Amino acid sequence: METAIEARSVRKHYRGTERPALDGFDLRVAAGSVCALLGRNGAGKTTAVRILTTLLTMDDGAATVAGHDVRADGDGVRRAIGLVGQNAAVDEILGGRANLVLFGRLRGLSKAAARARAAELITRFGLDEAADRAVGTYSGGMRRRLDLAASLVVPPSVLFVDEPTTGLDPDARRDVWGTVRRLVDDGVTVLLTTQYLEEAEELADHVAMLRDGRVVLEGSPAELTSLVGDTRVEAVLPSTDDAAAAARTAEAHAVGPVVVDGVSVAVPVADAVAVTRLCGAWSAAGVEPRDVAVRRPTLDDVFVHVNRTAEEVAR
Ligand SMILES: Nc1ncnc2c1ncn2[C@@H]1O[C@H](COP(=O)(O)OP(=O)(O)OP(=O)(O)O)[C@@H](O)[C@H]1O
Ligand SMILES: [Mg+2]
C-alpha cells in the first residue's frame, strides 16, 4: 500500500508556551484514503496540518507528503498538495469566479486556462448563481465550497482540510461532506481535521485521535465505535411497568443488553433500520414512550474510553 503522508515523532513547541503543541506525533495515511485527525480545541490539529503543508517548521522528527520530505523538499510538497485552512483564504470583495481565476493565475495557469478551470469548478460546486457576487455576501456553506474549489484549481494529490464544517448548519455540513466524498472518488488523498466524531465516521477510512499533541488512539471508524459502544435508543415510559414491557419488546432488536432504569429504557441498536423497526415494534405492542431519543457515541465517549484505558495501563 502506497503511503501518501507519513509523520514520525514530530515535535513542535511554540516559543513562550508551557507545553509542546505536538509531542511525538506519528501518522501514516495510505494513498487514496481519507484520514480524519480528531481532537478537541488545542489538541494540535492545526499545528500538524501547518507542519505537513510546510507553513511551519518542526523542532524535531520527520515527515513526508506525496513522497517529498517536508523539511528537505518543501517545494515538492507544495506542488503536490492543496490546503483548505481553518480560516478562509479567499478575497471577500471579489466574486467566487474571480477568486478562482486568481488562484489559477497564482498557480501558473494561463488566463484562458484559469478562466476555463474556474468555470468548471463553479458549476461542479454548485456556485453558478453566486459566481459573480462578492464572496463577502456568501453563506458559510457557500464559502466552504468555494474554499474547497480554490484548493482544487490545480488538482492536488494530497488535500489538507482543516475543520471543513465547523460553524456550518447540518444542511451545509452534509453538502460539504458530499463534496469531500467526490474528491476521494477522483483519487485525491485527504487529511481532514475535525472535532466531531460523527464527521470522522462519515468521511474517513482511518481516524487518528489526537490529544496533547500525540495520537492516542487510531483505527477505522467501525473500530472506534466498537470501543465506545453502539448507538442507543433511549426511551422514557409513563410507568415502570411500561418500561419493563418496552424492554421485553426491545430484546429482539437489541445488539446488546437492554438497560432499564426506573421509567427509562436504553436499547443498543445496530443502525437506523433497527431504530425504525424498534419503534414499529413498540407501536404494535401498544408501548407509548413519553420521549424517545437516539443517542450516538460522541468524541467525549471515546475520550472517556481512552482515559479509562490509560488509567488501567497505569495501574
Ligand atoms: N502561533 C502559536 N503560538 C503559540 N502557541 C500556539 C500557536 N498556535 C497554536 N498554539 C498552541 O498550540 C496548541 C495546539 O494548537 P492547535 O491550533 O494546533 O490546536 P487545534 O487542535 O487546531 O485546536 P482548534 O480545534 O482550536 O483549532 C494549543 O495549546 C495552542 O494554544
Ligand atoms: Mg485548529
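**Note on the predicted single-chain model**

1. Charges to start with: the chain carries 37 positive and 45 negative charges, and their mean positions lie 6 Å apart. Lys and Arg are the positives here, Asp and Glu the negatives, with His and the chain ends left out; each charge is placed at NZ of Lys, CZ of Arg, CG of Asp or CD of Glu.

2. Some housekeeping. This is a predicted model, where local features need pLDDT of at least 70 and side-chain atom pairs count only at pLDDT 80 or more, while totals for chains, interfaces and linings use all residues. Residues are numbered from 1 along each chain as its sequence is written, chains are lettered from A and ligands numbered from 1 in the order in which they are written, and side-chain values use heavy atoms, without hydrogens and water.

3. Now the overall picture. The protein chain has 11 helices and 14 strands, these being DSSP runs numbered from the N terminus (helices: H or I, at least four residues; strands: E, at least two). Its C-alpha atoms fill a box of roughly 75 × 55 × 40 Å along the principal axes. Of the 315 residues, 45% are buried (under 20% relative accessible area; exposed is over 50%, partly exposed in between; 1.4 Å probe, protein chains only).

4. On contacts (heavy atoms within 4.5 Å): among those with a separation of 6 or more, 66% are between residues 24 or more positions apart.

5. Next, an open antiparallel sheet of four strands, ordered S2-S1-S4-S5; strands count as paired if DSSP finds at least two bridges between them. S2 (22-30) and S5 (68-69) are the edge strands with a single partner strand each, so one side of each has no neighbour in the sheet. Helix H1 (residues 45-52) packs on this sheet and touches S1 (3-12), S2 and S4, with its direction at about 115° to that of S1. For that angle, axes are lines fitted to C-alpha atoms (for helices, over the stretch in contact), and angles run from 0 to 180 degrees between N-to-C directions.

6. What holds S5 to S4 in terms of bridges? Two of them join S4 (residues 60-65) to S5, running antiparallel, and Thr64 has Asp69 of S5 as its bridge partner.

7. Then there's S3 (residues 34-38), with five of its five residues buried. Val34, Ala36 and Leu38 point one way, Cys35 and Leu37 the other.

8. S3 runs parallel to S8 (residues 189-194), joined by five bridges, with Leu37 partnered by Thr193. Four bridges also link S3 to S9 (residues 206-211), again parallel; there, Leu38 is partnered by Met209.
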